[in-house]
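Keep it brief and give the cut-offs.

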Amino acid sequence: MTSLIMQMAGAVTADTTGVLFLASAGSKALDIPRFASDIAAYRLIPLDLAFPAAYGLIAVQAALGAWLWSGWLAAMAGIVASLLLLFFAFVMGINVARGRTTLSCGCLPGSNNQLSWTAVGGNIGLALMVLLAGFLTRPVGVFLNGEALLAGISMLLIALASVHLRQPEQHV
């Protein structure tokens, strides 16, 4: 019983992170100029590289999201996802340390969260969770894996709803 709980926890964590990466890549792909502008605003790469970096990050996030879902080489997927999340935390942390907290963190698709040490810590925490999840075996069977995927989608939707409910109402 405990083994199944650990397997489901690992699968839900990996699937939730996979859904997050896929949704994030999708929302960024819908507005590449804005995403490239967000990258340029971080002032960490030459301006000429903002669009190539945007395309590259979208591709990496989409591929990594699918990889996490697949369960194939789960430990390696967890390591790569953790490294990407730690990279994001590092880049965000540089700007927070510079006092540039009005930039979009790009943490959740559809939200406009700004940089903060909380966002940096959230990325580090998620990196640790997905790293650990990669070393847990996934449950056997299509139904249990389907449940893990649906739980991941549900958790992301709850997080997005929570973010949107906390944002001030915008009048058009």
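The report below takes these topics in turn.

## Basis

This is a predicted model: local features need pLDDT of at least 70, side-chain atom pairs count only at pLDDT 80 or more, and totals for chains, interfaces and linings use all residues. Residues are numbered from 1 along each chain as its sequence is written, and side-chain values use heavy atoms, with hydrogens and water left out.

## The cavity

Rolling a probe the size of a water molecule over the atoms shows where empty space is left. A cavity here is a set of points, on a 1 Å grid over the protein atoms alone, where a 1.4 Å probe fits but cannot get out. Points are joined across faces, edges and corners, and the volume is the space filled by probe spheres set on them. Across the whole structure, the search finds one cavity of 30 Å³ or more. The largest cavity holds about 80 Å³. It is lined by 14 residues, and Ala14, Ala74, Ala133, Gly134 and Arg138 are the closest to its centre. Lining residues have an atom within 4 Å of a point.

Helices are DSSP runs (H or I, at least four residues), numbered from the N terminus. By type, the lining has nine nonpolar residues, four polar and one charged. Ala, Val, Leu, Ile, Met, Phe, Trp, Tyr, Cys and Pro count as nonpolar; Asp, Glu, Lys and Arg count as charged; the others, Gly among them, count as polar.

Gln61 lies in helix α3. Its relative accessible area is 2%, so Gln61 counts as buried. The classes are buried (under 20% relative accessible area), exposed (over 50%) and partly exposed (in between), with a 1.4 Å probe and protein chains only. The side chains of Gln61 and Lys28 make a polar contact of 3.1 Å. Such a contact is a pair of N or O atoms within 3.5 Å; within protein, one must be able to donate a hydrogen and the other to accept it, and residues adjacent in sequence count only if both atoms are side-chain atoms. Beyond its neighbours within four places in sequence, Gln61 is in contact (heavy atoms within 4.5 Å) with Phe21, Leu22, Ser24, Ala25, Lys28, Leu84 and Phe88.

Ser104 sits in the loop between α4 and α5. It is buried because its relative accessible area is 14%. Leaving aside neighbours within four places in sequence, Ser104 is in contact with Asp38, Tyr42, Asn112, Asn113 and Leu115.

## Aromatic pairs

How many aromatic pairs does the whole structure contain? The search finds two. Rings of Phe, Tyr and Trp (its six-membered ring) pair if their centres lie within 6.5 Å; planes under 30 degrees apart count as stacked, over 60 as edge-to-face and the rest as tilted.

Trp67 and Trp72 form a tilted pair, 6.3 Å centre to centre with 45° between the planes. Trp72 is exposed at 57% relative accessible area. The rings of Phe87 and Phe88 lie 6.1 Å apart at their centres, with planes at 50°, so this pair is tilted. Phe87 is partly exposed at 44%, whereas Phe88 is buried at 16%.

## Positive phi in two loops

Arg43 is in the loop between α2 (32–41) and α3. Its phi is near 55°, a positive value in a residue other than glycine. Arg43 is exposed, at 59% relative accessible area.

Leu73 is in the loop between α3 and α4. Phi of Leu73 is near 45°, a positive value in a residue other than glycine. Leu73 is partly exposed because its relative accessibility is 47%.

Conventions: On a 1 Å grid over the protein atoms alone, a cavity is a set of points where a 1.4 Å probe fits but cannot get out, and a pocket is an open set with protein on both sides within 12 Å along at least five of seven lines; lining residues have an atom within 4 Å of a point.
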